[in-house]
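Please keep the sequence and the three-dimensional view at hand while reading.

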Amino acid sequence: IFLHAVKRKFSFASLPETHQLLQKTCRDFAENELRPIAAKLDKDSIFPSKQIKKMGELGLMGINGSEEYGGAGCGGTGTIMSVHNALYVNVINTFGTKQQKEKFLPGYTDGTFIGCFALSEPGSGSDAGAMLATATLDGDSWILNGTKAWVTSGHESSAGLCHGKKENKLGIRASSTCNLIMEDVRVPRENVLGKTDGARVGISSQALGIAQAALDCAVEYASKRIAFGVPIIKMQSVQVEFGYNFTLKRFTYKTF
């Protein structure tokens with residue numbers, strides 16, 4: 001009974017049929033295309049370019065982009081895919097002008113190009129008020145100077161910026177995380193999204209997915225590992241750990 005409870009996936013029956021189909025497509029792709037090579041990608045810090053292209057062909061790299069620009073027209077519900085959709089495609093699709101969407105969405109919604117989002121700096125994280133990078137208005141352009149840190153897909157993105165060395169981030173090395181160094185980067189005013197004075201759900205979703213995968217692996221191992229003549233998953237001390245993690249994950253899921 002305990003094993004069944006821990007391994008039980010959350011029900012997606014309440015989601016619209018199109019979202020249920022999307023969830024199944026993502027899980028099938030992850031199981032068949034990513035899981036067999038995930039450990040090697042992480043160990044060798046390999047960016048999964050071929051798999052990203054396949055994800056684009058499935059429509060997964062433009063989930064929340066408008067169909068007009070090659071997206072799927074769905075709400076944004078892996079690390080590369082999460083950042084690309086939630087913090088690049090969705091931001092432009094939501095705040096961009098028609099001209100900006102026509103310029104910056106095609107090619108990104110089918111996985112041909114990869115987008116990134118640069119907020120954190122060496123001395124600040126989500127507290128945007130502590131940023132040291134500057135944007136100075138110069139005629140019809142903004143001049144950017146500063147360093148952004150831990151930028152997911154930074155090395156693979158199509159931005160014309162200097163890249164720092166790739167970060168060695170345990171478990172997500174394949175996501176090509178690095179610093180982005182801006183030295184007098186000139187950005188035309190027409191490229192600014194929304195106003196200049198103006199909850200990162202994608203990051204939470206990413207963490208929840210990693211937690212689910214880790215729990216699945218742990219349960220599978222504990223079901224096969226024998227100690228004192230029985231699988232260790234039948235031992236109370238192990239069950240307590242699984243129960244604690246399962247409960248935390250479930251509460252996190254409920255917050256969405």
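In which strand is Pro 231 found? Pro 231 is found in strand E6, which covers residues 230–231. The model discussed here is a predicted one. Leaving aside neighbours within four places in sequence, Pro 231 is in contact with Ala 222, Ser 223, Arg 225 and Ile 226. Pro 231 and Tyr 221 are separated by 10 residues in sequence, and their C-alpha atoms are 9.2 Å apart in space.

**The chain as a whole**

The chain contains seven helices and six strands. Followed along the sequence, these elements give the pattern α-α-α-α-α-β-β-β-β-α-β-β-α. Of the 256 residues of the chain, 33% count as buried. The accessible surface of the chain comes to about 15400 Å², and 58% of this surface belongs to carbon and sulfur atoms.

**Helices H2 and H3**

Two packed helices are described by the angle between their axes and the distance between the axes. Helix H2 comprises residues 17–44 and helix H3 comprises residues 49–57; the two pack at an angle of about 175°, with their axes 11 Å apart. Because angles over 145 degrees count as roughly antiparallel, H2 is roughly antiparallel to H3. From H2, the residues that make the contact are Phe 29, Glu 33, Leu 34 and Ile 37, while H3 contributes Gln 51, Lys 54 and Met 55.

Is Gln 51 buried or exposed? Gln 51, a residue of helix H3, has a relative accessibility of 14% and therefore counts as buried. Apart from neighbours within four places in sequence, Gln 51 is in contact with Phe 29, Glu 33, Leu 34 and Ile 37.

The loop between H2 and H3 includes Ser 45. The phi angle of Ser 45 is near 55°, which is a positive value in a residue other than glycine.

**The paired strands**

Strand E1 (residues 134–138) and strand E2 (residues 141–151) run antiparallel and are joined by five bridges. In this pairing, Thr 136 has Ile 143 of E2 as its bridge partner. The hairpin of E1 and E2 has two residues between the strands, and Gly 139 takes a positive phi near 65° there.

How many bridges pair E2 with strand E4? E4 spans residues 178–188, and eight bridges pair E2 with E4 in the antiparallel sense. Lys 148 stands opposite Leu 180 in E4.

Trp 150 is found in strand E2. Although Trp 150 is not a glycine, it has a positive phi of about 55°. Trp 150 is also among the residues touched by Ser 120, together with Gly 125, Lys 148 and Ala 149, when residues up to four places away in sequence are not counted. Ser 120 itself lies in the loop between helix H5 (98–104) and E1.

| Residue | Relative accessibility | Class |
|---|---|---|
| Gln 51 | 14% | buried |
| Ser 120 | 17% | buried |
| Ser 45 | 29% | partly exposed |
| Trp 150 | 42% | partly exposed |

Why does Ser 120 count as buried? The limit for a buried residue is under 20% relative accessible area, so Ser 120, at 17%, counts as buried.

In soluble globular proteins, nonpolar side chains tend to be buried together. The largest nonpolar core of this model has nine residues in all: Leu 215, Val 219, Ala 222, Ala 227, Ile 232, Ile 233, Val 238, Phe 242 and Phe 246. Helix H6 (201–224) and helix H7 (236–254) are the elements that give two or more residues to this core. Another core, of eight residues, lies apart from it and includes Phe 29, Phe 47, Ile 52 and Met 55. Phe 29 and Met 55 also belong to the contact between H2 and H3. Ala 222, a member of the largest core, is one of the residues in contact with Pro 231.

Notes
Residues numbered from 1 in each chain as written. Predicted model: local features only at pLDDT ≥ 70, side-chain atom pairs only at ≥ 80, totals over all residues. Heavy atoms only, no water. Pairing = 2+ DSSP bridges. Helix = DSSP H or I, 4+ residues; strand = E, 2+ residues; numbered from the N terminus. Buried < 20%, exposed > 50% of the residue type's maximum accessible area, 1.4 Å probe, protein only. Contact = heavy atoms within 4.5 Å. Core = buried A, V, L, I, M, F, W, Y, C linked by side-chain atoms within 4.5 Å. Areas by Shrake-Rupley, 256 points an atom, 1.4 Å probe, with all protein chains shown as cover. Axes fitted to C-alpha atoms, helices over the stretch in contact; angles between N-to-C directions. Parallel < 35°, antiparallel > 145°, perpendicular 65-115°, else oblique.
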